[in-house]
Amino acid sequence: MVSAAAAVAMAALNVLTYHRLTYERPVATIELHKKGDRFFDATLTEPPIEATAQETSRTYEIHGDEWRIEARVLKWKPWANTLGLDSQYQLDRLSGRYEDTESELHAERSVYDLKPVSKYHLDLWKLARHDSRYAPMVDTLYGGGVFMPMRDGAKYEVWITQSGLIARPVNDAARQAQAGGWS
């Protein structure tokens, strides 16, 4: 019984590495600076989640024509919602993407893990994915992603909604990149 209680406590602590998803909210800003042909610095800034937290920024080297960001979403069963568990998300990875398949197969790739390092060894996502009987409060798990074109100076906001990630251009460079067949 002690082992079961410890496992439940570890799962509850792992949930703290996810962020509540009750409405559409910004999850990141991506700003691009060209370094070479199909090669960019992408600065990813995440807004503070709690009032006492600070935003975090990291810069990644991205190869390709487009950037892509992905997230994991935990959706709880209705009875768990009544206990206060709203859908939650966790940014998963940032990568470059090429418009044409040939480049995607053979050109230089770039992908970065965005999941926070957790001091808890139990990953509720993996547990629910591999054996749902150990995570009975989880209704469904799903991943979502969004990609947009890269252009020097472009800046995008990434938002999460109940149906997944969306990206919005913030400045003229991003709007012009989108206008090239993205509108």
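## Close-up views of a predicted protein model

View 1. I69 touches A28, I30, L44, L91, R93, L94, L114, G144, G145, V146, V158 and L165, leaving aside residues up to four places away in sequence; a contact here means heavy atoms within 4.5 Å. This is a predicted model, where local features need pLDDT of at least 70 and side-chain atom pairs count only at pLDDT 80 or more, while totals for chains, interfaces and linings use all residues. Residues are numbered from 1 along each chain as its sequence is written, and side-chain values use heavy atoms, with hydrogens and water left out. I69 is also one of the residues with the most contacts inside the largest nonpolar core, which has 29 residues. A nonpolar core is a set of buried Ala, Val, Leu, Ile, Met, Phe, Trp, Tyr and Cys residues joined through side-chain atoms within 4.5 Å. Buried means under 20% relative accessible area, exposed over 50%, and partly exposed in between (1.4 Å probe, protein chains only).

**View 2. The whole chain, for orientation.** Five helices and ten strands make up the secondary structure of the protein chain. Both are DSSP runs numbered from the N terminus: helices are H or I with at least four residues, strands are E with at least two. Of the 183 residues in the chain, 38% count as buried.

View 3. Look for K35 and E61, whose closest N and O atoms are 2.4 Å apart. K35 counts as partly exposed at 40% relative accessibility, and E61 counts as partly exposed at 36%. The second bridge joins E46 and R58, with 2.8 Å between the closest N and O atoms. Here E46 sits in strand β3 (residues 39-46) and R58 in strand β4, twelve residues apart. E46 is buried, with a relative accessible area of 17%, whereas R58 is partly exposed at 32%.

**View 4. R97 with two partners.** The side chains of R97 and E66 meet in a salt bridge (2.5 Å, N to O). The pair links strand β5 (residues 66-76), which holds E66, to strand β6 (residues 87-97), which holds R97, across 31 residues. E66 is buried, at 4% relative accessible area, while R97 is partly exposed at 26%. The charged end of R97 also sits over the ring of F147, 3.6 Å from its centre. For this, NZ of Lys or CZ of Arg must be within 6 Å of the ring centre and within 35 degrees of the ring normal.

View 5. How are the rings of Y60 and Y112 placed? Their centres are 4.7 Å apart and their planes are at 45 degrees, so the pair is tilted. Rings of Phe, Tyr and Trp (its six-membered ring) pair if their centres lie within 6.5 Å; planes under 30 degrees apart count as stacked, over 60 as edge-to-face and the rest as tilted. Y60 belongs to strand β4 and Y112 to strand β7 (residues 111-113), 52 residues apart.

Terms used. Salt bridge = Lys/Arg side-chain N within 4 Å of Asp/Glu carboxyl O.
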